[in-house]
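Visitor: I am new to this structure. Please pick one part and take me through it closely.

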Amino acid sequence: MSVRCPMSTIFARLVAAYGCEPDKRGEVHVDCPWCGKPPQRGQVHFSFSEAGCYCFVCGNGGSLAKLAQAVGMIKDDRPIPAPPKKTKPAPPKPYFWQSETTLQYITRLPVEERHRRWQVYKPVTLEMVEAYNLGVGVLPFSRCKHERLLVPLLENGNLVGIRGRRIGCDCPKWLSPAGNRTVLYNADRIQAGKPVFIVENAVDALLFTAMIAIPAVATLSISYWKDEWLELLRPAGLVVVAYDNHRPGNGGGKSEWLATHPRDIEPAGIRLVNKLNAAGIKARLFDWKDAPVGTDIGDLLKNRAGANNALV
């Protein structure tokens with residue numbers, strides 16, 4: 001059975017047991033019951049007061065009840081609880097759509113039919129549709145229930161995300177399902193010492209890589225960025241940030257922006273170039289020159305000569 005005493009009673013009993021009087025600060029200096037270090041004049045080793053006890057040599061201390069138990073004044077036969085076991089956190093449970101079955105659903109239509117549907121949006125080749133599993137279907141776990149063009153996002157061969165582009169509804173242009181993980185799309189095409197473009201649209205990255213013979217990767221949005229991608233870009237000889245030619249993207253159209261907004265903003269492309277340079281990665285902003293506001297890399301691909309001169 002445990003015996004519980006008021007703190008003032010424990011203090012009085014401890015003082016009587018040690019046969020010492022508290023000093024002016026209400027502290028009693030005695031031998032440490034844990035390490036045995038005796039008190040010395042002018043040096044504080046172990047003391048207790050009504051507030052508790054502490055040893056400056058071995059670091060033991062705590063409540064007066066703990067001290068009384070250490071000197072055998074209070075008996076406590078309750079077992080000391082074992083410290084909780086440290087367990088590794090369970091890996092996050094994958095969403096139901098993150099499976100090979102979902103990838104099969106994305107590509108369920110014949111490749112020729114998927115190619116025909118994608119051609120309405122972008123001039124992708126049949127080989128691209130097949131190689132990158134570009135599909136058509138209702139985006140899983142989405143508020144949009146209409147068919148979309150689907151771009152699966154793979155990481156180490158696993159489906160970690162899906163981007164769905166509208167093709168005939170008034171729903172948001174691009175959507176992703178709950179649990180979607182963003183990847184630096186087409187990052188496996190980055191080559192050591194070679195230039196690489198950063199664009200917004202995944203399919204534009206594929207087209208740019210194929211048509212211009214310069215690798216392009218896509219962040220999938222100007223608002224998406226992960227610092228872990230810096231290491232993926234580090235081998236490149238030069239990184240050219242080619243976000244869309246508007247104020248939120250690479251910074252074009254300042255006057256148009258201020259005409260409908262109360263203040264200016266720092267373009268995402270400029271922020272990204274600064275981040276890359278600060279990390280020791282050579283980077284610059286793509287110069288859209290006199291291109292109309294809103295021009296994107298897909299428009300540039302219509303003029304291959306202009307794209308080939310982009311690094312000049």
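Guide: Start with the term pocket: on a 1 Å grid over the protein atoms alone, it is an open set of points where a 1.4 Å probe fits, with protein on both sides within 12 Å along at least five of seven lines. Its lining residues have an atom within 4 Å of a point. Points join across faces, edges and corners, and the volume is the space filled by probe spheres set on them. The model is predicted, so local features need pLDDT of at least 70 and side-chain atom pairs 80 or more, while totals for chains, interfaces and linings use all residues. Numbering runs from 1 along each chain as its sequence is written, and side-chain values use heavy atoms, without hydrogens or water.

Now the second largest pocket. It holds about 390 Å³ of space. Its lining has 21 residues, and Lys173, Trp174, Glu200, Asn201 and Asp244 sit closest to the centre. Strand 7 (158-166) and helix 6 (202-212) each give two or more residues to this lining. Strands (E, at least two residues) and helices (H or I, at least four) are DSSP runs, numbered from the N terminus. By class, the lining holds 10 nonpolar, 3 polar and 8 charged residues. Charged means Asp, Glu, Lys and Arg; nonpolar means Ala, Val, Leu, Ile, Met, Phe, Trp, Tyr, Cys and Pro; the others, Gly among them, are polar.

For comparison, the largest pocket has a volume of about 470 Å³. Leu154, Val183, Leu184, Asn186 and Ala187 lie closest to its centre, out of 21 lining residues. Strand 6 supplies the largest share of that lining, 4 residues. Its classes are 11 nonpolar, 5 polar and 5 charged.
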